[in-house]
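I am opening my notebook on this chain.

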Amino acid sequence: MINLRLILVSGKTKEFVFSPVDSAGDIALHVYDNWPEADWSSECVSRAEILRLIYQGRFLHSSVTLGALGLPLGRTTVMHLVPREHLPEPNSHDQRQKSKGGSSSCCSASCCIL
């Protein structure tokens, strides 16, 4: 089993235990159905589908399983839980940079691989 410590935008946390086969969508539904009223009452959302998990700075799609992320069994993993209607578009930061005339390369120098 995998222990998840979920952090809300407010900084409040709660720990849950899940199986490696559980997906981000399964986790959102479980948290919604078992919302910690005493601790998270002011953070309540209208439906499970808007709960999104963030792991290592990236939004997880609802179909991604904990096992696919390679999370260690028996240890606590920290993720953020945020209410959001839609996931951001992939590479949206790169698109903004390009539209501003910037480059999406690693630095301002021109790189060449020989």
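Is Glu15 buried or exposed, or in between? I find Glu15 partly exposed, with a relative accessible area of 38%. My cut-offs are under 20% for buried and over 50% for exposed, with partly exposed in between (1.4 Å probe, protein chains only).

I note that this is a predicted model: local features need pLDDT of at least 70, side-chain atom pairs count only at pLDDT 80 or more, and totals for chains, interfaces and linings use all residues. Residues are numbered from 1 along each chain as its sequence is written, and side-chain values use heavy atoms, leaving out hydrogens and water.

**Sheet.** I looked up the strand order and got β2-β1-β5-β3-β4, an open sheet of 5 strands with mixed pairing. β2 (13-18) and β4 (58-59) each have a single partner strand, so one side of each lacks a neighbour in the sheet. Strands (E, at least two residues) and helices (H or I, at least four) are DSSP runs, numbered from the N terminus. Two strands pair if DSSP finds at least two bridges between them. β1 and β2 run antiparallel, joined by 6 bridges. Asn3 has Val17 in β2 as its bridge partner.

**Salt bridges.** I searched the whole structure and found 4 salt bridges. Each needs a side-chain nitrogen of Lys or Arg within 4 Å of a carboxyl oxygen of Asp or Glu. Glu15 and Arg5 form one, at 2.6 Å, N to O. This pair links strand β2 to strand β1, 10 residues apart. Arg5 is partly exposed at 30%. Lys14 and Asp39 form another, at 3.8 Å.
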